[in-house]
Amino acid sequence: PIHTYKMADKSTDYSTANGFESKTPFLIGVAGGTASGKSTVCQRIMEKLGQQHKEQTERRVVCISQDSFYRTLTPSERLRAERGQFNFDHPDAFDDKKLLAILKDILAGKKVEIPEYDYITNSISPNRSHTIYPADVVLIEGILVFYFPEVRELFHMKLFVDTDSDTRLARRVPRDIMERGRDLEQVLNQYMNFVKPAFEEFCLPTKKFADVIIPRGADNLVAIDLIVQHISDYLKRSPVDKTIALELGLSSQSSV
Ligand SMILES: [N-]=[N+]=N[C@@H]1[C@H](O)[C@@H](CO)O[C@H]1n1ccc(=O)[nH]c1=O
């Protein structure tokens with residue numbers, strides 16, 4: 001029997017329409033504290049899905065970051081940010097309306113432009129954006145992807161990466177110093193004043209919305225395999241959208 005993939009909170013009928021599969025991408029939200037391993041979990045899922053679908057090079061799995069949707073800071077906010085006195089972990093720091101609009105475009109199978117975020121200048125770098133073509137699986141990772149109800153309701157699957165906060169801090173300090181040009185005192189002050197309190201007030205409470213909670217993040221290979229298997233089963237039931245494959249100039253013969 002052909003299974004129609006029934007979502008918990010919405011039934012999506014991937015029935016064919018005018019000869020082609022008319023389907024929306026499988027949208028996965030990946031939340032968790034800073035440095036919990038969200039983007040690594042996304043990478044592992046994409047790698048393993050890619051391996052699973054060798055025979056179908058059209059399978060497209062892409063990942064976008066909520067950090068691409070930090071709102072533009074006012075000059076005074078930018079000054080505070082430079083002094084480590086701006087709270088980037090608060091929901092108000094994000095342009096959730098823009099994220100919602102982009103996710104709806106993705107679900108409509110549209111091609112979207114995602115800006116890159118520059119942690120050194122604390123701003124979106126206008127010339128560095130990347131294009132997301134219609135995909136089969138789209139992962140969105142971020143500390144507060146489950147905080148905004150309208151965004152949360154769009155996900156077909158919600159993952160929460162649950163890593164101990166001391167492990168996260170231990171990873172965060174070197175990363176902020178090496179990659180984001182900060183000094184130790186500023187990183188620790190920012191963590192104590194903003195990152196830790198905001199995690200407890202805004203991020204941790206969204207764990208209850210997760211379908212799967214992943215303790216230890218990317219090290220948890222059993223959890224990642226389970227998740228990949230679930231996605232793979234879903235993908236097997238919804239053949240590749242030929243229009244997407246043709247549009248992208250891909251075909252099963254091509255060695256993309
Ligand atoms: N500071 N701080 N915390 C946030 C948050 O924990 C994390 C979100 O991915 O990125 C951090 N973040 C965000 C924007 C920025 O310009 N700098 C920065 O460090």
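**Figure 1. Buried residues of helix α5 in the predicted model.** Arg 168, Arg 172, Val 173 and Asp 176 are the buried residues of α5. They belong to a predicted model. These buried residues pack against α6, which covers residues 184–203. Helix α5 itself runs from residue 165 to 178 and has 14 residues. From first C-alpha to last, α5 reaches 20 Å, close to the 20 Å expected at 1.5 Å a residue. An α-helix has 3.6 residues a turn, so residues three or four places apart point the same way.

**Figure 2. Arginines over phenylalanine rings.** Arg 168, one of the buried residues of α5, lies over the face of Phe 199. The distance to the centre of the Phe 199 ring is 4.2 Å. Arg 152 lies over the face of Phe 209. Here the distance to the ring centre is 3.6 Å.

**Figure 3. Tyr 70 and Tyr 117, an aromatic pair.** The count of aromatic pairs comes to 9. In one of them, the ring centres of Tyr 70 and Tyr 117 are 4.8 Å apart. Their planes meet at 45°, so this pair is tilted. The pair links distant parts of the chain, 47 residues apart. Tyr 70 sits in the loop between β4 (61–65) and α2 (75–82). Tyr 117 belongs to strand β5, residues 112–118.

Figure 4. The ring centres of Phe 86 and Phe 88 lie 4.8 Å apart. Their planes are at 70°, so the pair is edge-to-face. Phe 86 and Phe 88 are both buried. One aromatic cluster takes in Tyr 70, Phe 86, Phe 88, Phe 94, Tyr 117 and Tyr 119.

**Figure 5. Residues around the ligand.** A polar side-chain atom of Asp 67 is 2.7 Å from a ligand oxygen atom. Gln 190 places a side-chain N or O atom 2.6 Å from a nitrogen atom of the ligand. For Arg 182, a polar side-chain atom lies 3.1 Å from a ligand nitrogen atom.

Figure 6. Most residues other than glycine have a negative phi. Asn 122 has a positive phi, near 50°. Asn 122 lies in the loop between β5 and β6, the latter spanning 123–132. With a relative accessible area of 7%, Asn 122 is buried. Arg 216 is not a glycine, yet its phi is positive at about 75°. Arg 216 is placed in the loop between β9 (212–215) and α7 (221–237).

**Figure 7. Ser 125 and its contacts.** Ser 125 is part of strand β6. Its relative accessible area is 10%, and Ser 125 is buried. Beyond its neighbours within four places in sequence, Ser 125 is in contact with Glu 116 and Asp 118.

Definitions and conventions: Residues numbered from 1 in each chain as written. Predicted model: local features only at pLDDT ≥ 70, side-chain atom pairs only at ≥ 80, totals over all residues. Heavy atoms only, no water. Helix = DSSP H or I, 4+ residues; strand = E, 2+ residues; numbered from the N terminus. Expected span 1.5 Å × (residues − 1). Buried < 20%, exposed > 50% of the residue type's maximum accessible area, 1.4 Å probe, protein only. Contact = heavy atoms within 4.5 Å. Phe/Tyr/Trp six-rings, centres within 6.5 Å; stacked < 30°, edge-to-face > 60°. Lys NZ or Arg CZ within 6 Å of the ring centre and 35° of its normal. Polar contact = N/O pair within 3.5 Å; in protein donor to acceptor, adjacent residues only side chain to side chain.
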